[in-house]
Amino acid sequence: MTAGSPVLGADALADRARWRLAVSPAPPNLIVTPTAAGLMLRVAPIRPGPASDAGVYPIDTPAPIATIRAKRLQQRIAGDQRVTYGSASISERIVGTATRLPRLGDQGVLVDLEYADRLGADFGAGESLQVWLAPGAPRDIVDRLRQQGLIVQGEESIDTVAARYASFGPPLTLQFMLLSAVIGIALAIGSASVVAAVERRPRAAELNALRIQGAPARVVQRVAAEGYLILVGVSIVVGLLLVVLIRTYIGDVLPYFADGWKTP
C-alpha cells in the first residue's frame, strides 16, 4: 500500500501482533499466518452454526475493551465477559463499577464509544448519540458543539421530561389513587368522630358509674381519651403492615412510566 511513499509494507503486514480477527461470540473462520511477503489468509473449514466475519483488522484499540458497569449488572460465571451494542457482541474487561449511570441508573455499561465502534462490526440502525451535560456546563455548550460539526437534533432536561411523563396516563392514575387515599383518611376520621359522638352519652353513663364505684378520676379520664386512641393506633399499625406486605409480594400495581423506564 503506497501513497507516494510506502504506507504499509510487507514487514508491517507480516507482523501478526498488529492484526486481529473480528470481535464476535462466533468462532473465527479465518486462519491468519504471517509469511515473508505479508499475511496469508485461509478460510477455515465450514462448521455448523454461525461464524465470525472473515477479515483482519488493525489493532488500534484495547481488546478486551475496558468497561464500567452498574453494580446491578453481574459478571458472567462461565465464559468470557461480553457486552452487547446493537448486534455487536464485544469482549470486555470490567475495570470498575458505578452505583448510578446518567439516564441508565443501575442498569447500564460505560465504555469508550470510539473503541467500541472500532471493535464492533455492526451497531445496528437508528441509534441516537447523546451528550450528557453536568449542572456546571457552560451556557453556550450547544453552540460550541455545533461549531465542532455536531448536528443537534434535540434537547432534553429533567424538567421537560418530568412534565412530559406527568401528562401520561399512569401519573394521572397515581394522582387519583393519592386523592382516593386522602379521601379514605378523611372518611375514617369522620367515621371515628361520628362513633365518638353517638357513644358520648352511653360512655358518659358508664364512666360515671365507675366513678361512683370508686374508680379514680385520672383512670376514668384515661379510659375516656385513650380508648379511641388505641383503636386508631392499632388500625394504623395494621394498615401499614398490610401496605408493606402488599408492596413486598405484589410490587407496583401501576408503573409510573408508560414505557417501563425506571428512576435512576
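Select D143 and R146: their side chains form a salt bridge, with the closest N and O atoms 3.7 Å apart. The term salt bridge here means a side-chain nitrogen of Lys or Arg within 4 Å of a carboxyl oxygen of Asp or Glu. Both residues lie in helix α3 (residues 141–147), three residues apart, about one turn of the helix. Helices (H or I, at least four residues) and strands (E, at least two) are DSSP runs, numbered from the N terminus.

Before moving on, note that this is a predicted model, in which local features need pLDDT of at least 70 and side-chain atom pairs count only at pLDDT 80 or more, while totals for chains, interfaces and linings use all residues. Residues are numbered from 1 along each chain as its sequence is written, and side-chain values use heavy atoms, with hydrogens and water left out.

**Around helix α3**

Colour by accessibility. D143 has a relative accessible area of 43% and is therefore partly exposed; R146, at 43%, is also partly exposed. Buried means under 20% relative accessible area, exposed over 50%, and partly exposed in between (1.4 Å probe, protein chains only).

Next select D140 and R144. They form a salt bridge, the closest N and O atoms being 3.3 Å apart. D140 is partly exposed, with a relative accessible area of 33%, and R144 is partly exposed, at 43%.

**The pair R69 and E92**

The protein has three salt bridges by this rule. Go now to R69 and E92, whose side chains meet at 2.6 Å, N to O. R69 lies in strand β5 and E92 in strand β7, so the pair ties together parts that are 23 residues apart in sequence. Are R69 and E92 buried or exposed? Both R69 and E92 are buried.

Strands count as paired if DSSP finds at least two bridges between them.

Which way does β8 run relative to β5, parallel or antiparallel? The pairing of β5 and β8 is antiparallel, over three bridges.

**The nonpolar core**

Keep this region in view and select I65, V83, I90, V111, A116 and L119. These six residues make up the largest nonpolar core. A nonpolar core is a set of buried Ala, Val, Leu, Ile, Met, Phe, Trp, Tyr and Cys residues joined through side-chain atoms within 4.5 Å. In soluble globular proteins, nonpolar side chains tend to be buried together.

Centre on V83. Not counting residues up to four places away in sequence, V83 touches R69, A88, S89, I90, E92 and V109. Contact means heavy atoms within 4.5 Å. Two of these neighbours, R69 and E92, are the salt-bridge pair visited above.

**The β2–β3 hairpin**

Move to strand β2 (residues 30–35), which pairs with β3 in the antiparallel sense over six bridges. The strands form a hairpin with two residues between them. Select T33 to find its bridge partner M40 in β3, then V32 to find L41.

Step on to A44, in the loop between β3 (38–43) and β4 (56–58). At 9% relative accessibility, A44 counts as buried. What does A44 contact, leaving aside neighbours within four places in sequence? A44 is in contact with N29, L30 and I31. A44 and L30 are 14 residues apart in sequence and 5.2 Å apart in space, C-alpha to C-alpha.

**The surface patch**

Switch to a surface view and select I230, V234, V238, L242, L245, I246, Y249 and I250. They make a nonpolar surface patch of about 830 Å². Patches are made of residues with over 30% relative accessible area and no salt bridge: like charges are joined within 9 Å, nonpolar side chains (Val, Leu, Ile, Met, Phe, Trp, Tyr) within 5 Å. I250 lies in the segment after α7 (217–249) and counts as exposed because its relative accessibility is 59%.

**The whole model**

Zoom out. The protein has seven helices and eight strands. Buried residues make up 18% of its 264 residues. The accessible surface comes to about 19700 Å², of which 62% belongs to carbon and sulfur atoms; areas come from the Shrake-Rupley method with a 1.4 Å probe, and for residues only the protein chains shown count as cover. Of the contacts with a separation of 6 or more, 64% are between residues 24 or more positions apart.
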